[in-house]
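I opened my notebook to record what I looked up in this structure, going from the fold of one chain to its contact with another.

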Amino acid sequence: MITLHTWCSLLSYAAFLLAFIAGVLFLIQERQLKRKTMGVLFRRLPSLESLDRVNFLAISAGFGLLTIGATSGFVESALLRGRWWTGDPKEYLTVLLWAGYLALWVLRQRATLRGRRVALLSVAGFSLVLFTFVGAGHLVPSLHPFI
Amino acid sequence: MHIVLIGLNYRSAPLEFRERFAFRREDLPQAFSRLREEVGLREAAILSTCNRVEIYAGAPALDGTLERLHRFLSRHADIELSGLSPRLYSYAEPQRVVRHLFSVASGLDSMVLGEAEILRQVKDAYEAAQAAGATGKLLNGLFQRALNTGKTVRSRTGIGRGCTSVGTVAVQLAEKIFGDLSRAVVLLIGAGKIGELTLKRLAERGAGELRVMSRTLERSADLAAAYRATPVPAAALPAQLLEADIAITSASAPVFLLRREELVLAMRQRHHRPLCIVDLGVPRNVEPSSGGLENVYLFNVDDLQALVHQCHHERQRALGESEDIINQKVDGFLSWWREEFRMSNVECSPSS
């Protein structure tokens, strides 16, 4: 159970990292198109459509993995400690992260949000991922003391 | 064995002159046998494209070979020798012949600097000569190295990079937005010539669905027939705008065909699906501020023209680098040639 929780959480972060990279590349490419410059980067970077697709797939995968990772964490906690919610800062952040990516996924899926805005949000989302993964443990005592 | 070249190209002769020299593929075997018998060549290859006709040859001796080649071409084109000579160039110095062919294969001698088509044409010319049994060790070595040079120059320098016409630039921009164009719906609005050319380029790149909208139904029908496009009535513009991925406007109209507020509305209804607009109209057909809308990518004639210039500029810059590679390859070939043909040279002309 612990390994499932750890692996799924780590893999979801990796997927969000991929979404972040695709998002940044999208923003660069889209800026070049709007400014009508065809530099070296312009030729090397993939099309907006494929960057957008990678971004969406990565967010979908990351969201699924995060769901499994968090659920298994709660189950594990319930088995170990007898309560699923321990009040750990990482738990709050994870729920926030989960809700954030769910919102992003739904907006993108229903096509209310497209292109640059999705890319911007996935970049913003990843900073929350970084904070959850790295920062939380340093700010407040946590049950997830790695890094 | 000596290497000689005789030919004419777009710089030395106008089209109505060049076209009389063109060799059709089916004429080649006969031309090769005449070159062997009448001119006394041992090996020959003929490069015949719309921009040039060139004969590369291996001759056992030089005396009289170029004169006989002049006469051969004069008969072939049915043009008096006196009128012909100023239009032709001929080289018998191995270094010049080799450098010329290597430059041609690399696209350095082309009308559009760095174009890729010529490399395939050189390959075809070589294969046709080889199939007819007209090449030997010399021309096999020469052409294989020319093809290799062309490939090296293209891959190592920026000579073939970018786009050289408004149409191809538009295609490249569209591909950077949509990736594969096979699912893209293209809408051409108006009947301008460059609009049609752009449509043609998009069709060549496999654009999924083409639609044409013109003020006169006749013109729409013509375009539709020529590019397997669907004609759509001008009144359907708002509805068409919801389905199109790429819109090309090429109309002469005193007012904007597409206004910003119409596009705002359309984008909302399209659920912000990206829209690429290529405005080729002068005066412009699309309200310029529309380019600021999210997911709308608007390019006008000046934008495209600037990208074409940028590309030409980059190709010019790659010229020096390309010439360095060609020089190296020419030296490589010449040392191979001297090594391989030293013996036969002595056999042919003991005095040299």
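I began with the contacts in chain B that have a separation of 6 or more, and I noted that 72% of them join residues 24 or more positions apart. I kept in mind that this is a predicted model, and that two residues count as being in contact here if their C-beta atoms lie within 7 Å.

Next I looked up the secondary structure of chain B, where I found 13 helices and 10 strands. I then checked burial, and 44% of the 352 residues in chain B are buried.

I turned to the overall shape, and I wrote down that the C-alpha trace of chain B spans about 85 × 40 × 30 Å along its principal axes. The radius of gyration of chain B is 26 Å, whereas a compact globule of 352 residues would have one near 20 Å. Looking at how the chain is divided, I found domain 1 of chain B at 2-156 and domain 2 of chain B at 166-306, with 43 Å between their centres, taken over C-alpha atoms.

Last, I examined where the two chains touch, and I noted 13 residues from chain A and 17 residues from chain B in the contact. Which elements give two or more residues to the side of chain B that touches chain A? I listed helix 8 (166-178), strand 10 (296-300) and helix 13 (301-348) of chain B, and of these helix 8 gives the most, with five residues. Sorting that side of chain B by class, I recorded seven nonpolar, five polar and five charged residues.

Methods. Residues numbered from 1 in each chain as written. Chains lettered and ligands numbered in written order. Predicted model: local features only at pLDDT ≥ 70, side-chain atom pairs only at ≥ 80, totals over all residues. Helix = DSSP H or I, 4+ residues; strand = E, 2+ residues; numbered from the N terminus. Nonpolar A, V, L, I, M, F, W, Y, C, P; charged D, E, K, R; others polar. Domains from an automatic or database assignment. Rg over C-alpha atoms; globule rule 2.2 N^0.38 Å. Buried ≥ 20, exposed ≤ 12 C-beta atoms within 10 Å, placed from the backbone.
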